[in-house]
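Subject: Structure for your files

Hello,

The structure is handed over below, and my notes on it follow.

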Amino acid sequence: MSNNNEQQIQQQLTRLHFQQKQLQTQLAENNSRMQHILRRVWQLNDTTQKRIANDLHDGVGQVLTALVNELTAIDNSDPQLQRALALAELALKDTRHISRLLRPPVLDDLGLHAALSWLVRQITESCPTLNISLVIAADLQLADELQIMVFRICQEALNNVVKYAQATQAQVAIKQDREGLKLIITDNGIGFELDEQTQKGVGLCSMQDRAASFGGRCLIEAAAAQGCKISIMIPHEQTPRERGQND
């Protein structure tokens with residue numbers, strides 16, 4: 001009897017082990033599909049933003065440029081024409097600014113480092129009391145979609161610093177090692193308490209979703225009067241290099 005019992009137990013353990021393997025495989029497949037869906041959603045979002053930015057620049061921007069030129073050519077001694085010219089110039093400036101924020105051409109033309117430098121200049125011009133330092137590994141090479149992901153996370157995080165943190169110092173550090181891509185954004189602001197409500201904020205959720213779409217993690221560390229630290233880690237197998245590096 002004892003041998004039969006042992007055999008039955010062994011058979012049950014074997015079945016349980018097999019079922020566990022099946023569940024692990026199914027979970028891995030589901031996670032992979034979810035990552036693919038999330039990445040596709042963000043790709044569509046970024047593509048749409050790029051199209052809108054181009055439409056603003058090539059459509060509305062060109063019309064406003066023509067309007068400014070026409071008004072400038074007219075004798076503008078009339079105060080009403082001067083006001084119209086000032087409004088047209090302001091509309092053109094705002095249109096260009098929005099177009100660049102939606103998709104800065106420098107990101108496509110010169111890459112991530114140049115785009116982040118541009119972003120920092122834009123933010124510090126509007127918030128002179130904030131000093132932002134960039135620490136980017138000299139050998140950093142990322143595929144286009146990863147560069148967009150990093151730029152968007154930095155854009156969201158730094159905008160939050162300006163809006164809420166009351167910080168005087170912030171830093172963006174990016175490097176790659178054998179574990180993968182690491183992005184760390186810190187500030188010395190007033191911080192906040194991490195609770196269920198704050199973690200469901202649109203900005204924090206978007207950063208977490210963008211990281212998750214590459215199989216990565218987004219860790220947020222914050223406390224009142226202690227600033228904030230956002231750590232993004234993307235596994236090495238999810239960090240393709242620039243085109244030509246992985247062909």
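**Salt bridges**

Asp55 and Arg51 lie four residues apart in helix H1 (residues 2-73), so about one helical turn separates them. Helices here are DSSP runs of H or I with at least four residues, strands are E runs of at least two, and both are numbered from the N terminus. Asp55 and Arg51 form a salt bridge, with 3.4 Å between the closest N and O atoms. The term salt bridge stands for a side-chain nitrogen of Lys or Arg within 4 Å of a carboxyl oxygen of Asp or Glu. Both partners are partly exposed: Asp55 has a relative accessibility of 43%, and Arg51 has 46%. On this scale, buried is under 20% relative accessible area, exposed is over 50%, and partly exposed is in between, with a 1.4 Å probe and protein chains only.

Before going on, the basis of these notes: this is a predicted model, in which local features need pLDDT of at least 70 and side-chain atom pairs count only at pLDDT 80 or more, while totals for chains, interfaces and linings use all residues. Residues are numbered from 1 along each chain as its sequence is written, and side-chain values use heavy atoms, with hydrogens and water left out.

The structure holds four salt bridges. One of them joins Asp108 to Arg103, where the closest N and O atoms are 2.8 Å apart. Here Asp108 is partly exposed at 39% relative accessibility, whereas Arg103 is buried at 9%. Another pairs the side chains of Asp177 and Lys182, at 3.1 Å from N to O. Asp177 is partly exposed at 27%, and Lys182 is partly exposed at 23%. A network of salt bridges links Asp177, Glu179 and Lys182.

**The sheet and its helices**

Five strands make up an open sheet in the order E1-E2-E3-E5-E4, and the pairing is mixed. From one strand to the next, the twist averages 10°. Strands count as paired if DSSP finds at least two bridges between them. E1 and E2 run parallel and are joined by six bridges. Leu134 stands opposite Val172 in E2.

H5 packs on the sheet and touches E1, E2, strand E3 (180-187) and E5, with its direction at about 10° to that of E3. Contact means heavy atoms within 4.5 Å. Axes are lines fitted to C-alpha atoms, for helices over the stretch in contact, and angles run from 0 to 180 degrees between N-to-C directions. Helix H7 (residues 202-212) lies across E4 and E5, and runs at about 145° to E4.

**Positive phi**

Most residues other than glycine have a negative phi. Gln166 is exposed, with a relative accessible area of 63%.

Ala225, also not a glycine, has a positive phi near 65°. Ala225 is placed in the loop between strand E4 (217-222) and strand E5 (228-235). Ala225 is exposed, at a relative accessible area of 68%.

Regards
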